[in-house]
Amino acid sequence: MEFAINKLKDDEVVLIKKIKSLKDGKPKWKCSEELNEIRSAIKLLERYNEMTSQQMEDEDEYLMELFEQSPPKAKA
């Protein structure tokens, strides 16, 4: 899991440099959205990487309850 986290952190640095070089506008905002997604993925992976097996089981139970109470709705 460490390799994936490090790879995403490298991608984060590359995107930051790209954003700094762009002028304001749609391309810059698109890169900014991608940067936010990468940062969210890094946080999730780091959290997952630090979880114990008991915490993973608790998380699974929580997610099952959450989806049973409000199932995702498909868009056609």
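I19 sits in helix α1, where helices are DSSP runs of H or I at least four residues long, numbered from the N terminus. I19 is buried, since its relative accessible area is 14% and buried means under 20%, exposed over 50% and partly exposed in between (1.4 Å probe, protein chains only). This is a predicted model, so local features need pLDDT of at least 70 and side-chain atom pairs count only at pLDDT 80 or more, while totals for chains, interfaces and linings use all residues. Residues are numbered from 1 along each chain as its sequence is written, and side-chain values use heavy atoms, with hydrogens and water left out.

**The nonpolar core**

- I19 also belongs to the largest nonpolar core, a group of 7 residues made up of L8, L15, I19, C31, L35, I38 and I42.
- A nonpolar core here is a set of buried Ala, Val, Leu, Ile, Met, Phe, Trp, Tyr and Cys residues joined through side-chain atoms within 4.5 Å.
- Which elements give two or more residues to the core? They are α1 and α2, and α2 gives the most, with 4 residues.

**Pairs across the sequence**

- I19 and S32 are 13 residues apart in sequence, and their C-alpha atoms are 7.1 Å apart in space.
- K9, another residue of helix α1, is partly exposed at 34% relative accessibility.

**Salt bridges**

- A salt bridge means a side-chain nitrogen of Lys or Arg within 4 Å of a carboxyl oxygen of Asp or Glu, and by this rule the count comes to 4 salt bridges.
- One of them joins R39 and E12, whose closest N and O atoms are 2.7 Å apart.
- R39 lies in helix α2 (residues 26-50) and E12 in helix α1, so this pair ties together parts that are 27 residues apart in sequence.
- Is E12 buried or exposed? E12 counts as buried, because its relative accessibility is 17%, whereas R39 is partly exposed at 33%.
- Another salt bridge links D11 with K7, and here the closest N and O atoms are 3.9 Å apart.
- Both D11 and K7 belong to helix α1 (residues 2-21), where they are 4 residues apart, about one turn of the helix.
- D11 is partly exposed at 28% relative accessibility, and K7 is partly exposed at 43%.
- K28 and D24 form a salt bridge as well, with 3.5 Å between the closest N and O atoms.
- D24 counts as exposed, because its relative accessibility is 67%.

**Surface patches**

- Patches are made of residues with over 30% relative accessible area and no salt bridge, where like charges are joined within 9 Å and nonpolar side chains (Val, Leu, Ile, Met, Phe, Trp, Tyr) within 5 Å.
- Which residues gather in the patch of negative charge on the surface? They are E57, D58, D60, E61, E65 and E68.
- For charges, Lys and Arg count as positive and Asp and Glu as negative, while His and the chain ends are not counted.
- The place of a charge is taken as NZ of Lys, CZ of Arg, CG of Asp or CD of Glu.
- D58, one of the residues in the negative patch, lies in helix α3 (residues 53-69) and is partly exposed, with a relative accessible area of 38%.
- There's a nonpolar patch on the surface too, formed by Y62, L63, L66 and F67, with about 370 Å² of accessible area together.
- Accessible areas come from the Shrake-Rupley method with a 1.4 Å probe, and for residues only the protein chains shown count as cover.
- F67, part of that nonpolar patch, has its place in helix α3 and is partly exposed, with a relative accessible area of 47%.
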